[in-house]
Amino acid sequence: MFYIAICDDEELTLKSTKENLEKIIGETNVKAQVSTFPDGEGLLKNYEAQYNLIILDVEMKNMNGIETAKCIREKDTNVIIIFITNFLQYAVDGYRVNAYRYLLKPLKYDDFKSEILSSFNEIDEKNLGLIITSQNTNQLIKKGDIFYIESFGHSIIYHLEDTDIECKGTMNEVEIKLNSLQFYKIHKSYIVNLQYIKSFDDKSVQMTNGKDIPISRYRYGDFKKHNMQFWSKKIG
């Protein structure tokens, strides 16, 4: 089940976006629940990271889409945000809040459908889990919840947003399990989720949770290429 929110202060656009989205849902036979909001304040009220996808207008009165997205990101780093707007000038601000796509109004159905289906695939990948054994108990963790992974002695530590999970294993085993462009081994002891990188230089990677992860100078060049490939694919 996909949980989707549409937020736009233009009543006609809100209605047409919802209709197009429901058409896509019907054509693809996916299960989804769609909620609509006429402003950012309404979307943020009682927000508890309950959505997989948010389609968000940029130019709204009172609280605009960028400001709304910044508030969302304080509570939810996983939700996919697609901005819709009349102007491309806001694109840079959009990607600063980790926007998935940036679509121009009026929305063309085929383009809109392509991005929605792409976001559904992204959600599926985020929700794919790894089964790990920690303290003799099997646990399922979502790939999208992993900020970075650390190797320490004979142990592997999965660093999530609010907790760390330690288990026995090797980095080679972890890489095989992950098998995703979203992750990169920047050091013999560290694998990072590119989704949560705030900035980097040739010495370290700064994560969105404030952690600094050392990067091997031998891997730096390939890391930059891999990171560019990842974001090029996401941005399209």
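Helices (H or I, at least four residues) and strands (E, at least two) are DSSP runs, numbered from the N terminus. Axes are lines fitted to C-alpha atoms, for helices over the stretch in contact, and angles run from 0 to 180 degrees between N-to-C directions. The model is predicted: local features need pLDDT of at least 70, side-chain atom pairs count only at pLDDT 80 or more, and totals for chains, interfaces and linings use all residues. Residues are numbered from 1 along each chain as its sequence is written, and side-chain values use heavy atoms, without hydrogens and water.

Next, select helix α5 (residues 109–127), which packs on the sheet and touches β1, β3, β4 and β5 (contact: heavy atoms within 4.5 Å). The direction of α5 makes about 165° with that of β4.

Now show the strands. The open sheet has 5 strands in the order β2-β1-β3-β4-β5, with parallel pairing (at least two DSSP bridges between two strands). β2 (32–37) and β5 (101–104) are at the edges with a single partner strand each, so one side of each has no neighbour in the sheet.

Then select Ile54. Residues it touches, leaving out those up to four places away in sequence, include Ala5, Leu43, Ile72 and Ile81. Ile54 is among the residues with the most contacts inside the largest nonpolar core, which has 21 residues. Such a core is a set of buried (under 20% relative accessible area, 1.4 Å probe, protein chains only) Ala, Val, Leu, Ile, Met, Phe, Trp, Tyr and Cys residues joined through side-chain atoms within 4.5 Å. Helix α3 supplies the largest share of this core, 3 residues.

Finish with Leu53, Ile82, Tyr109 and Ile123, which belong to a second, separate core of 20 residues.

Terms used: Buried means under 20% relative accessible area, exposed over 50%, partly exposed in between (1.4 Å probe, protein chains only).
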